[in-house]
Amino acid sequence: MRHSRKTVMSAATLGLGLAAALGGVVPSASAAAPTGSPATYAAYERSQENQAANRAFFEAVQRSVSEQRAANPGLQAVTVTYNTRNAPSFRSQISRSTQIWNSSVVNVKLQEVSSGGNFAYYEGSDSRGSYASTDGHGRGYIFLDYSQNQQYNSTRVTAHETGHVLGLPDHYSGPCSELMSGGGPGTSCQNTSPNSAERSRVNQLWANGLVGSGLDSKG
């Protein structure tokens, strides 16, 4: 997929319309995404930029749900909330993505809320494609690009980006059976579900309310 979960929105790239939708919250940096060839996907996947961004995004989501653990120290499963009010065209794909993930893992659940939430979905046009990122204020968001979602299986795009919310990095060099291989296998790939290794990794990351993630705010 021509997207990058570490990419950060800028007003110049996304235009004033999306900046307004974000309520004036416009991150201050922007990074280039892979151009779509196997070589560029592989090089980006190994880059320090991508690795650092993977961690930053997951940390943002982790911080936003940490209060659940504070209120419930023995919590075994965490609920991560999201809203779709700024991505009306993709509500069916987002709903399907939520169903896929909720039926695939047990230690974390996704739940839609009417506003706010731990992260949000947005839609629009961006030459870099779809991506997951942070708003610079400790919150995560997923941006869904119109063009990319016409080229690729749209539910796969959405489920892939949601995988980043749950802590999975890109693995562009993987086969179609890997959800996090994204656009690496090409537009013919129709798989929309995480494989057993990806499911296991998410359950491990979110074990006992994030204790297994290595990103626990208490150490």
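**Disulfide and buried polar residues**

The count of disulfides comes to 1 in this predicted model. The bond joins C176 to C189, with an S to S distance of 2.0 Å. At 85° about the S-S bond, the link of C176 and C189 is right-handed. The pair links distant parts of the chain: C176 and C189 are 13 residues apart, and each is placed in the loop between helix 6 (154-165) and helix 7 (196-205). With regard to accessibility, C176 counts as partly exposed because its relative accessibility is 27%, a value that lies between the limits of 20% and 50%. C189 has a relative accessibility of 4% and therefore counts as buried, the limit for this class being under 20%.

The relative accessibility of D126 is 5%, so D126 counts as buried. The side chain of D126 makes a polar contact of 3.2 Å with the side chain of Y131.

S130 likewise has its place in the loop between strand 3 and strand 4. At 0% relative accessibility, S130 is assigned to the buried class. Polar contacts of the S130 side chain include one with the side chain of Q148, at 2.6 Å. The side chains of S130 and N149 are also joined by a polar contact, in this case of 3.4 Å.

Key. Residues are numbered from 1 along each chain as its sequence is written. This is a predicted model: local features need pLDDT of at least 70, side-chain atom pairs count only at pLDDT 80 or more; totals for chains, interfaces and linings use all residues. Side-chain values use heavy atoms; hydrogens and water are left out. Buried means under 20% relative accessible area, exposed over 50%, partly exposed in between (1.4 Å probe, protein chains only). A polar contact is a pair of N or O atoms within 3.5 Å; within protein, one must be able to donate a hydrogen and the other to accept it, and residues adjacent in sequence count only if both atoms are side-chain atoms. A disulfide is a pair of cysteine sulfur atoms within 2.5 Å. Helices (H or I, at least four residues) and strands (E, at least two) are DSSP runs, numbered from the N terminus.
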